[in-house]
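Subject: The structure we talked about

Hi there,

Here is the structure I promised to pass on to you.

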Amino acid sequence: MKQLFVIASVLFLAACANSNEKNEVKKDTSAAAASMPMQAKYTADMVDNQRDPSCGMPAKAGLEDTVHYKGHVIGFCSKECKDAFLKDPEKGLTAADLKKK
Ligand SMILES: [Zn+2]
């Protein structure tokens with residue numbers, strides 16, 4: 001009878017350890033998802049502008065398109081914003097809020 005109790009305890013502990021492990025994995029996954037909330041093609045770290053020069057949206061919100069202009073990599077939330085920038089790039093550069101290097 002005593003032996004049975006020991007076996008039951010071991011099984012319980014093993015089950016406990018397993019569920020803890022599962023929780024850890026779940027936590028890791030959600031943390032990774034939280035740091036990358038958007039399914040954007042480009043991230044703010046990949047471009048030199050902090051704002052979409054055409055619509056003023058923060059680059060951190062996710063970028064769908066980029067353009068290289070005068071050694072800068074400018075990110076845009078959409079192709080439409082990129083097209084608008086290309087019509088007047090000099091004005092756009094001011095609005096892009098370029099990162100200081
Ligand atoms: Zn935009």
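Below is what I found, starting with the overall layout and then going residue by residue.

Two points on conventions. This is a predicted model, in which local features need pLDDT of at least 70, side-chain atom pairs count only at pLDDT 80 or more, and totals for chains, interfaces and linings use all residues. Residues are numbered from 1 along each chain as its sequence is written.

**Layout**

The protein chain contains 3 helices and 2 strands, and from the N terminus their order is α-β-β-α-α. Helices (H or I, at least four residues) and strands (E, at least two) are DSSP runs, numbered from the N terminus. Of the 101 residues in the protein chain, 18% are buried. Here a residue is called buried if 20 or more other C-beta atoms lie within 10 Å of its own, exposed if 12 or fewer, and partly exposed in between, with C-beta atoms placed from the backbone. As for contacts between residues at least 6 apart in sequence, 43% join residues at least 24 apart; a contact means that the two C-beta atoms, placed from the backbone, lie within 7 Å.

**The hairpin**

Strands β1 and β2 form a hairpin with 2 residues between them. They run antiparallel and are joined by 5 bridges, where two strands pair if DSSP finds at least two bridges between them. In the loop between β1 (65–69) and β2 sits K70, which has a positive phi of about 50 degrees although it is not a glycine. Most residues other than glycine have a negative phi. K70 counts as exposed because it has 8 C-beta neighbours inside 10 Å.

D97 also has a positive phi without being a glycine, near 55 degrees. It lies in the segment after α3 (89–95) and is partly exposed, with 15 other C-beta atoms within 10 Å.

**The core**

The largest nonpolar core has 9 residues: V47, A59, L63, I74, F76, C77, C81, F85 and A96. β2 (72–76) and α2 each supply at least two residues of this core. By nonpolar core I mean a set of buried Ala, Val, Leu, Ile, Met, Phe, Trp, Tyr and Cys residues joined through C-beta atoms within 7 Å.

Leaving out residues up to four places away in sequence, I74 touches V47, D48, N49, P53, T66, V67, Y69, F85 and A96. A59 is in the loop between α1 (2–35) and β1, and it counts as buried because it has 26 C-beta neighbours inside 10 Å. The C-alpha atoms of A59 and A44 are 5.1 Å apart, although 15 residues separate them along the chain.

**Helix α2**

Which residues of α2 are buried? They are C81, K82 and F85. Seen down the axis of α2, these fall within an arc of 100 degrees, so they line one face of the helix; the arc is that of the directions from the helix axis to the C-beta atoms. Among the elements covering them are β1, β2 and α3. On the face turned away from the buried side are the exposed residues K79 and K87. E80 also belongs to α2 (residues 79–87) and is partly exposed, with 13 other C-beta atoms within 10 Å.

Best wishes
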